[in-house]
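I opened the model to look up its sheets, salt bridges and surface. My notes follow in the order I made them.

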Amino acid sequence: MDDRQPLVVIGDTLLDQDVDGEVNRLAPDAPVPVVDVLGDRSRPGGAGLAAALAARSGRPTVLITALGTEPAADPLRAALEQRVRLIELPLRGTLPVKSRVRTRNRPLLRIDRGDGAPGPPGHGVRAAVREVLGEAAAVLVADYGRGLADALRDELAEAARRTPVVWDPHPRGGPPVAGVRLATPNATEACALDTPGGRPAERDGLRTHGARGARLAERWRAATVAVTLGERGALLTRAGGHSPMYVPTTRTSGGDPCGAGDCFAATAAAALAAGGLPEEAVQLAVSEAAAFVSSGGAGNPALWEDAPGGGRGPARRPADPFALADAVRARDGTVVATGGCFDLLHAGHVGLLENARRTGDCLIVCVNSDASVRRLKGPGRPLNPLDDRVRVLSGLSSVDAVAVFAEDTPEPLLRRLRPDIWVKGGDYRADELPEAAALGEWGGQALVLPYLDGRSTTEIARRVALTRSAHPPLAADEAHP
């Protein structure tokens, strides 16, 4: 796919507001908490959030939506225009606003206002929509049940015949048009769409979720349906009783899930725009949505401070470790860090990283630079250069961010990150770790986790060297007789 082809997002945009405060008492006239407001923020929600997340892939992004002319739409429009190209339909009624009152970064109450619905697009808008859909590498329909997808149903049906379409449905909206490449209902939506008025039970297993997804795929004539299951991951299904593909997530962050569905759908659409298969798109979407929740979800201020294309998207750029640590601490989470050369990643490393991630809300891996590895390990090391080591670590679902240090020890880096927990593998005692004194400066804790026996980069390198000496490579004329 041409990187210049746009990713087009179509759907209902909301204004999301977070009002953050403290609760220290109950009201005297009723047993309800009193929230002392500390601050509030507004940001694009609904299709606006999905478009902003899609734009982080670096691909040009177009948002087709309705914002209206009331003053509340102006900051929303300004925030979006920094990231995407806007094509606007008229809005009848008032802009939909979703307000969350939060304490300690947890929702206490939600207030929904606004009855806005899109009006019929004029000839000029409809022509612009057809033109941009004709150029699209992929289309994402972020349906929030307010009618915009229905207003452009004919154009979407035509687009689905030639372009990958991802449809994020809503029980109050219409069904996806025939031929969508991927539909992405969550478990609650899938149950309601499969059986109107139904709700999934906690005991529902993968078989039940898979059967619902398969029925929806058949009814909608969709190529695939991914039923998202929150922290459990997602289940990719097809019509006809084919075995579903389960994509679990190893992250159990307990973070703010607001916007996770938009992140999932936007990531999947960007992956399909780049030529990926639905299976690849869903695997990437599960990983990205989990990382999104871990870093604070849609309420993370850093999400809206980033320049266009500067966030984590399908290119899988590592997260900024310092911004991540600040975001996790801001919601009273636990920042975990570990460090090492990670020259040849083996099962011992993977086990250590997975166990370290389970001890907190994010894992930041501190990696020695190439020069630092040479000083530590000697000539001939590292076997893999820094860029390769960082890329491999960043691809692990247990790793949230990677930080590089050039010194002989990670202490200067740790003083900047200030992790709550520092994990090392091996047979150390926690109080004997050289980083223990630095951790004490801010109340950090050192933990020692066991390695798998018999796993060692040095030992692997030694065995490879012995193998090469016993079986030297063939000369050019021997290799190609």
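Predicted model: local features only at pLDDT ≥ 70, side-chain atom pairs only at ≥ 80, totals over all residues.

Entry 1, a hairpin. I began with strand 13 (residues 225–228) and strand 14 (residues 234–237), which run antiparallel and are joined by 4 bridges. I looked up V227 and found its bridge partner in strand 14 to be L235. The hairpin has 5 residues between the two strands, and G230 takes a positive phi near 65° there. I then checked the faces of strand 13 and found both covered. V225 and V227 are buried on one side, and A226 and T228 are buried on the other.

I counted 18 helices and 20 strands in the chain. Of its 481 residues, 52% count as buried. The chain exposes about 22,200 Å², and carbon and sulfur atoms supply 52% of that area. I also looked at contacts between residues at least 6 apart in sequence; 68% of these join residues at least 24 apart.

I traced 4 strands in the order 3-2-7-8, with mixed pairing. Strand 3 (33–46) and strand 8 are the edge strands, each pairing on one side only. Direction ignored, neighbouring strands of this sheet are turned by 20° against each other on average. Inside the sheet I followed strand 2 (residues 13–26) and strand 7 (residues 97–103), which pair in the parallel sense over 7 bridges. L15 has V97 in strand 7 as its bridge partner.

I got a count of 24 salt bridges. One of them joins the side chains of D18 and R43, at 2.9 Å from N to O. D18 is in strand 2 and R43 in strand 3, so I logged the pair as a link between distant parts of the chain, 25 residues apart. I found both D18 and R43 buried. R100 belongs with them in a network of salt bridges.

The side chains of R41 and D20 also meet in a salt bridge, at 3.7 Å from N to O. Because R41 lies in strand 3 and D20 in strand 2, this pair ties together parts that are 21 residues apart in sequence. Is D20 buried or exposed? I read a relative accessible area of 15%, so D20 is buried. R41 has 30% and is therefore partly exposed. Leaving out residues up to four places away in sequence, I listed what D20 touches: D36, V37, L38, G39, R41 and R102.

I looked up R389 and D370, whose closest N and O atoms are 2.7 Å apart in a salt bridge. R389 is in helix 14 (residues 386–394) and D370 in helix 13 (residues 370–377), 19 residues apart. R389 counts as buried because its relative accessibility is 3%. D370 is at 22%, so I marked it as partly exposed.

I found a nonpolar patch formed by V23, L108, L109 and I111, with about 310 Å² of accessible area together. Which strand gives the most to the nonpolar patch? Strand 8 (residues 106–113) does, with 3 residues. L108 is found in that strand. Its relative accessibility is 40%, so L108 counts as partly exposed.

Methods: Residues numbered from 1 in each chain as written. Heavy atoms only, no water. Patch = residues over 30% accessible without salt bridge, like charges linked within 9 Å, V, L, I, M, F, W, Y side chains within 5 Å. Areas by Shrake-Rupley, 256 points an atom, 1.4 Å probe, with all protein chains shown as cover. Salt bridge = Lys/Arg side-chain N within 4 Å of Asp/Glu carboxyl O. Buried < 20%, exposed > 50% of the residue type's maximum accessible area, 1.4 Å probe, protein only. Contact = heavy atoms within 4.5 Å. Pairing = 2+ DSSP bridges. Axes fitted to C-alpha atoms, helices over the stretch in contact; angles between N-to-C directions.
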